[in-house]
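Here is a short report to read beside the sequence and the 3D view. Please keep both open as you go.

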Amino acid sequence: MQVNSDIIHTLSSAVINQIAAGEVVQRPSSVVKELMENSIDAGATKIDVVVADAGRTLIQVIDNGKGMSATDSVKAFERHATSKISDASDLYALTTMGFRGEALASIAAVSRVELKTRREEDELCSKVDIEGGELVSQEFTSGKQGTQISVKDLFYNIPVRRKFLKKNETELRNIINVFQQIALVYPSLELSLSHNGTVLFDLHKDNFRQRIAAVCGAKTSKDLLPINVDTTLAHISGFISTPDSAVKKQPSQYFFVNGRYIQHPYFSKAIALGYDRLLPSDSKPQFFIYFDIDPDKIDVNIHPTKTEVKFEDEQSLFPILVSAVKEALASSCSIPTLMFDQEDKIEIPVAVTDFAKIVTPKTGFNPSYNPFSGTYKPKEAKTDGWQNLYESVKPKPDFKEPECEGFIKPDEGLKLDVECKFSGFVYGGRYIVCKSQSGVMFINIYRASQRIQYNSLSNMMVSGQGAGQMLMFPEILELTPVENVVFKQLRDSFEAVGYSFEEFGATTYKVSGVPAVIEGGESISLIKDIMTDYDENAKDISAVLREKLLIKLSVKSAVKEVTGVEMAEKLVKSLFSTDTNAYTPDGLPVYFTVDADDIKKHIG
Ligand code: ADP
Ligand code: MG
């Protein structure tokens, strides 16, 4: 047996750093986060982030912070090199974003880094080049106070990691998310982000509300209610959305603890509970909640990317959050108007002026009223001309049923036999009742009309007749930077269905043409609707988009009532002129039949 069979050896520091980098540097956005946090810790008031190719080739962060000495500028890249803590007890009194001394070492291990930094008291900048964690050179040059760090060719030495990066759009979106998380909690900092030469954000010194507007759009910030609670456990401040500005998809939901963005599903539940029944079940509130808390009452150490934080008093903070939300909603006079669709607005017996005095929000509305069930309000049966309508279809004494015995034959795929006479009438404003081969058929007019519109629109699109119409007065499509990322992916598909766009600023477009089948005024809301629903994993974006557009257009252009028996006949004829007629494009049944056998069973 051989003596020299030891198999254990210590890994080289380069390999150790690469492994550790896996935890800290998962993707380009992690680099952006770590570098921006370092700039904040260095007391910067202005931070510019420049990214190329979604961070694959370049991530550059330039700050006006305190800078580093020449020695520190090299030492900063050593593992566990930090200026922020000295012993373990410091961990419980953290006031900085970073503390592990891992970020720069990890980033440098998997990229080519160029650092240029100068302190106020130094004359020259120290410029350091590091490749794959190895120091290549250090020089001295002139330059401004602060630090500029360029991270190039991320994962150039770990092809596997590079391969696991997502599409550029996704990586860029992650970068934007990280940037926003920082921007929202440091409104006093001047921050900018640009990508491939395009400025995505250019944020000036703001207050919190202005910053939310600059980051999430003026619409979101307009509908916010302030929250402010001071307890011995924490100071909680921020904003929640009014219930009517809750959104179905991609809500802005942010928790921050001592300047750090965190995710906290348990606290999210508390917020939702605070809204109680004010929110429709499929909507989500938007919120920006800032906790100021004694650092020794939280543990930020549990997650390498530090988006999870453990609170010592989680259980006690939960009810505090719930009642903070309730209070904000109650003290806003907007409750009576904010719950309901403006279209079908109902009268609520509440004295708006006295509302602020009411303590609990529940008293302000009728909890059993569900404004979201059945937005369609059935009309009273029309009495106008009703007799005539009935007369016209009532069999005259000498009337003989046509040979074909009704005009709808289910066994023939419910196609209409156009030769046969229409014998139907409109009931309750919203239904057509008519004879089918097997009994009596009830047709929902609105749903039937949606189906008909959908069928003809999709024919038009297939045949290319669904082309665009130019707008006399172009509309302006204003997007947030995040929406713009999505829009760029969808633009071709929108154009394929008849839209035309012209660039009109970095995230603004002039809509000069719309699909011929819609009114100009609705074009912007349609685009936004579709973008919110957009699933980036969808295989064929254009097919999905076309389908969604068709559905939305057919719902918008459908009629809700028919005005006479002729129109009813026309509707029934077009409905049954194709085989696809049983369901709306959304999948709701269009008609149902009471069988003759059934009628017989009941009344002989
Ligand atoms: P940590 O932030 O956990 O201390 P890092 O690896 O991110 O670890 O940074 C190491 C050290 O380098 C920091 O503690 C800080 O002293 C210094 N440093 C990093 N970035 C900057 C910067 N932008 N300005 C000044 N000093 C910095
Ligand atoms: Mg750091």
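## Around the ligand

A backbone N or O atom of L104 lies 2.9 Å from an oxygen atom of ligand 1. That pair is a polar contact, meaning N or O atoms within 3.5 Å; within protein, one must be able to donate a hydrogen and the other to accept it, and residues adjacent in sequence count only if both atoms are side-chain atoms.

Which residues come nearest to ligand 1? They are T82, S83, K84, F99 and G101, out of 19 residues around it. A residue counts as near if one of its heavy atoms lies within 4 Å.

## How the model is read

This is a predicted model: local features need pLDDT of at least 70, side-chain atom pairs count only at pLDDT 80 or more, and totals for chains, interfaces and linings use all residues. Residues are numbered from 1 along each chain as its sequence is written, chains are lettered from A and ligands numbered from 1 in the order in which they are written, and side-chain values use heavy atoms, without hydrogens and water.

## Two helices side by side

Helices (H or I, at least four residues) and strands (E, at least two) are DSSP runs, numbered from the N terminus. The axes of α6 (residues 168-185) and α14 (residues 481-496) come within 10 Å and cross at roughly 170 degrees. Axes are lines fitted to C-alpha atoms, for helices over the stretch in contact, and angles run from 0 to 180 degrees between N-to-C directions. The two helices are therefore roughly antiparallel, the word for angles over 145 degrees.

In α6, E169, L172, R173, I176 and Q180 meet P481, V482, V485, V486 and Q489 of α14. Contact means heavy atoms within 4.5 Å.

## A sheet with helices on it

An open sheet has 3 strands in the order β21-β23-β22, with antiparallel pairing. Strands pair if DSSP finds at least two bridges between them. The edge strands are β21 (468-478) and β22 (500-503). β21 and β23 (residues 508-515) are joined by 7 bridges. E478 stands opposite T508 in β23.

α14 packs on this sheet and touches β21, β22 and β23.

## A hairpin

β7 (residues 190-195) and β8 (residues 198-203) run antiparallel, joined by 5 bridges. They form a hairpin with 2 residues between them. S192 has D202 as its bridge partner in β8.

Technical notes
Angles under 35 degrees count as roughly parallel, over 145 as roughly antiparallel, 65 to 115 as roughly perpendicular and the rest as oblique.
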